[in-house]
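Subject: Structure for your files

Hello,

Here is the structure I said I would pass on. My notes on it follow below.

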Amino acid sequence: MSQPPHAATALRVLPPSAQPLSAAARAYNLQLTRVDKLRSQLAELDALGQAHRQALHAAVDPLRRQLTQAQRDLALALDEHLQGKLLSRMQADTARAVLCRLARGLAEAGDAAMRELHDRHSPRTLVRLKQDAADALRQRLEAVLGEPLDDEGQDLSAEQLLRAGMERLRRSQDEAQERKRAAAQAKRARRKPGADERQTEQHDADTLLRRLFRQLASALHPDRETDPQARLRKTALMSEANAAYEKRDLVTLLQIQSRAELADPEAVHKLSDQRLASLTLLLKAQVAELERERAGRQSALAGEFDLPEGLSPNANTLLQQRIDQARALEAALAQVEQDLAQVDDTGRLKRWLNAQRDAVMRER
């Protein structure tokens, strides 16, 4: 079966007549297959994320809007009661605490009216609360890092501080890993035979990649083309080639070479085992990069959709997460609507506030 032109396996080595492929050719073909598989998995992750976002928008967003409106109604109802003289001091304090909790959540989601309502009833404004939280987070991060954050004294938010701290921690971990890798490589070079041979193979691979890119750059330079349409095509191909070379993406460079008709389609089948070994080395590095990209994409989706620790994003886990999220919102909405019914009834209001106070005391 023929391969689509965008598939990496379209670049594979085919056996000459009935003769078996050499070990070098089989290794080269295997890496091409792995590139295709990883590219397909990345595309599937992108499609999965997009589909889940659309499903969330349809199933969850309406519930979120209903819950937000119900919480807003409850906060305003409590504000109205606090303006009267019906409540005792203890009940008013409880009503004020519930109101501030509701208004703070709504204000942090962008509701300016709820921000004003919170600050009118709270002894500390939201700005002050955020700064206090940021200061406390800074102290914890600096204690973990063992050094002050290098932020030049900026007043960063808690989110900005967390990002800065995680970035500092990531850099420290990367530096430690790099030191370990360098030490391990030096140790292997001292103890294992063949280190010079591997260095030669890597040098040959780098030279091959550089030559391929230079060939493309020479043939595709748009300034050398007089035809406007051909210039546009070469500009697009050259842009692709630059990006691929920056990423050491051998497959894309070879595909551009083929699309630009700069190579003999049969040339790959005539390559020596030494040349195939150099290509395979480049492909292995590309496979490793694609594997890192896949892991990063999976981690990003898991974080975006709040998947539980240890779960990878797939159709089943995302469906269950969507169901759980909808159920949680439905339960929260039912509770707020029940609270509204209590608050709207003057006779039940005080009992509801007493129950709220008792619940807080039990939690303590």
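The model is predicted.

Helix α9 itself covers residues 250–259, and eight of its ten residues are buried, so to call the helix mostly covered follows from a cut-off of under 20% relative accessible area. The buried residues are Leu250, Val251, Thr252, Leu253, Leu254, Gln255, Ile256 and Gln257. At the start of α9, Asp249 places a side-chain oxygen within 3.3 Å of the backbone nitrogen of Val251.

Next, a helix pair. Helix α1 (residues 23–59) packs against helix α2 (residues 61–82) at an angle of about 40°, and their axes are 4 Å apart. Because of that angle, α1 is oblique to α2. On the α1 side, the contact is made by Leu56, His57, Ala58 and Ala59. On the α2 side, Asp61, Pro62 and Leu63 take part. By class, this contact has five nonpolar residues, one polar and one charged.

Gln321 counts as buried because its relative accessibility is 11%, where the cut-off is under 20%.

Regards

Conventions. Residues numbered from 1 in each chain as written. Predicted model: local features only at pLDDT ≥ 70, side-chain atom pairs only at ≥ 80, totals over all residues. Heavy atoms only, no water. Axes fitted to C-alpha atoms, helices over the stretch in contact; angles between N-to-C directions. Helix = DSSP H or I, 4+ residues; strand = E, 2+ residues; numbered from the N terminus. Parallel < 35°, antiparallel > 145°, perpendicular 65-115°, else oblique. Contact = heavy atoms within 4.5 Å. Nonpolar A, V, L, I, M, F, W, Y, C, P; charged D, E, K, R; others polar. Buried < 20%, exposed > 50% of the residue type's maximum accessible area, 1.4 Å probe, protein only. Polar contact = N/O pair within 3.5 Å; in protein donor to acceptor, adjacent residues only side chain to side chain.
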